[in-house]
Amino acid sequence: MTSPRSFVQSAGLTLAIVLLGGFTQEPAMSADLRSASGATSTPGDVTPGRLFARDAREGIGPGRVSVSNPTSPKQPLAAPLAPETRRSKSTIIHVAPRSAATQLELPITAPDEAWVMFIPKGNDAKVGEEALRDMALFDPKGVRADKRAARAAEKELDADPARMKAEGIVKPITLLRMSRDMGRGLYKVQVGPKAAAVGMAIEVREPSSTIELSLTTSAMQLFPGDDGYVTVGLQSEAPLERVRYEATLYNPRYERDRTVPVVKVGNEYRAQVSRVMHEKDETGAWVLEVRAVGTAGGQPFDRLAQTAFGFAVPTARIASVGRERLVREGGKVTALEVDVVLESQALDRYEVTGTLVATDARGVERPVAEAQVTDQLGAGTHTLTLRFEAGHAGLSRLDGSYALRGLQLYSLGTNTLYHRLARGLEVRFPAVRLAELGSAEVTPAIEHLLRAGEFDVTP
């Protein structure tokens, strides 16, 4: 589905505000409004719980605008962004700049394909090279392993040291390739005074390890006070013991902000993100970092993973949708309309968008039109009407019973998505034949799409 912003930015497809008058309406398929509170959740849906009375300060000019645009039925119905599972078989240990010399323990469970990286902090390559010379890695038997691991890495990457030096290529990052003969267990990393002064990130990647940490957010957008969380999964072929989780939140500026409790709920562990966030927190993309440490089959392990989610303080939501209808004028169907009832607790300019889909001969839903309506609204209950131009739907030459999909509520004042219902509460319009649909005004943009065959659907 086209982004809601594109409705008003696309000069070719944007239409003027439609002033309605002198039309008759067919009876709605169902006069009852469908409550959003009872909607069946699908991946990618966003549903706010508690609303907050916080007026928007920008982008809330008055005036209702209603727009309809045709879409190409050749394009697939865009799937909403759904939470993805982030998986990790690696870890990172940080040595802060201006630290004292130290020795660290680095658990490696599958050395046969493991990589270790020493990454100096800062942007000075020469200082970074000096810091790297102050680092040393020892295998579980106490044998120094970094020099032979560096040679193994250069060989695998086909990096000729002599050629690199001749070409003036420096190595601000040292790559170490582990091998099976180095053994599993606790490796020791010596961080000398120069390296500690610069600061160092030590990363371990173990692609062949069976120990994997996974993070899955409950929704792409979380709200304060709601049951928003991140599921923390840990898998291993060997029995896991003495597992401990640490979760940390980073704000939209990627600053370490606060810790998050990880609790067991049923058979899974959850980082209870929404419980530690409140309405005064910054809107935007937050990052959750989770570290899992323990033993697997008696061997120590360390895993680190990150995932991101949106955070917003909602002031409105979709309360109900319905009273879908065909609008007739002069014997032709000129529009398909559906009312969207909003519940608001604050002044803002709200935007409701939706996609009209038709079902082709193979039973595939195809987008045929998009509609948008925006208005400045205050606290209370309000009805906005999505109006799809019948001529836009008819360009695809697909008729029958059209359905509403991708229903969204957006705040223009905060530039934030508040509510999304991918199935559109299963709104389906009364069936209509192609001959009943009014014709569309052929703008230059529509003419271009017609010539390109974008509305031609193979039966």
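In this predicted model, strand β7 (residues 115–120) and strand β11 pair in the antiparallel sense over six bridges, and within this pairing Trp115 stands opposite Arg205 in β11. Strand β5 (residues 90–95) also pairs with β11 in the antiparallel sense, again over six bridges, with Ile93 standing opposite Ile202 in β11. Strand β11 itself, which covers residues 200–205, is mostly covered, since five of its six residues are buried.

These strands belong to a chain that has seven helices and 27 strands. Buried residues make up 49% of the 459 residues in the chain, while the chain exposes about 21,800 Å², of which carbon and sulfur atoms supply 50%. Among contacts between residues at least 6 apart in sequence, 78% join residues that are at least 24 apart.

An open sheet of five strands, with antiparallel pairing, has the order β3-β24-β23-β26-β27. Its edge strands are β3 (65–70) and β27 (416–421), each of which pairs on one side only, and neighbouring strands of the sheet are turned by 15° against each other on average, direction ignored. Within the sheet, strand β23 (residues 348–359) and strand β26 (residues 403–411) pair in the antiparallel sense over seven bridges, and Thr353 stands opposite Gln408 in β26.

The largest nonpolar core has 43 residues, and those with the most contacts inside it are Leu386 and Tyr402. The elements that give two or more residues to this core include the strands β21 (316–329), β22 (332–344) and β25 (380–389), together with helix α6 (390–394). Leaving aside neighbours within four places in sequence, Tyr402 is in contact with a set of residues that includes Leu336, Leu356, Val368, Ala393, Phe429 and Leu437. A second, separate core of 27 residues includes Ile93, Ala131, Val189 and Met200.

Beyond its neighbours within four places in sequence, Thr307 is in contact with Arg86, Leu215, Thr217, Val230, Trp286, Val287 and Leu288.

Side chains of opposite charge can pair when their charged atoms come close. The structure holds 31 salt bridges, one of which joins the side chains of Arg148 and Asp181 at 3.5 Å, N to O. Because Arg148 lies in helix α3 (residues 146–156) and Asp181 in the loop between β9 (174–177) and β10 (185–191), this pair ties together parts that are 33 residues apart in sequence. Arg148 is partly exposed at 27% relative accessibility, whereas Asp181 is exposed, with a relative accessible area of 53%.

Helix α3 takes part in another such link, in which Glu156 forms a salt bridge with Arg177 of strand β9, 21 residues apart, with the closest N and O atoms 2.9 Å apart. Glu156 is partly exposed, at a relative accessible area of 48%, while Arg177 is buried, at 14%.

A further salt bridge is formed by the side chains of Arg317 and Glu343 (3.2 Å, N to O). Arg317 lies in strand β21 and Glu343 in strand β22, so the pair ties together parts that are 26 residues apart in sequence. Both residues are partly exposed, Arg317 with a relative accessible area of 21% and Glu343 with one of 25%.

Definitions and conventions
Residues numbered from 1 in each chain as written. Predicted model: local features only at pLDDT ≥ 70, side-chain atom pairs only at ≥ 80, totals over all residues. Heavy atoms only, no water. Pairing = 2+ DSSP bridges. Helix = DSSP H or I, 4+ residues; strand = E, 2+ residues; numbered from the N terminus. Axes fitted to C-alpha atoms, helices over the stretch in contact; angles between N-to-C directions. Contact = heavy atoms within 4.5 Å. Core = buried A, V, L, I, M, F, W, Y, C linked by side-chain atoms within 4.5 Å. Buried < 20%, exposed > 50% of the residue type's maximum accessible area, 1.4 Å probe, protein only. Areas by Shrake-Rupley, 256 points an atom, 1.4 Å probe, with all protein chains shown as cover. Salt bridge = Lys/Arg side-chain N within 4 Å of Asp/Glu carboxyl O.
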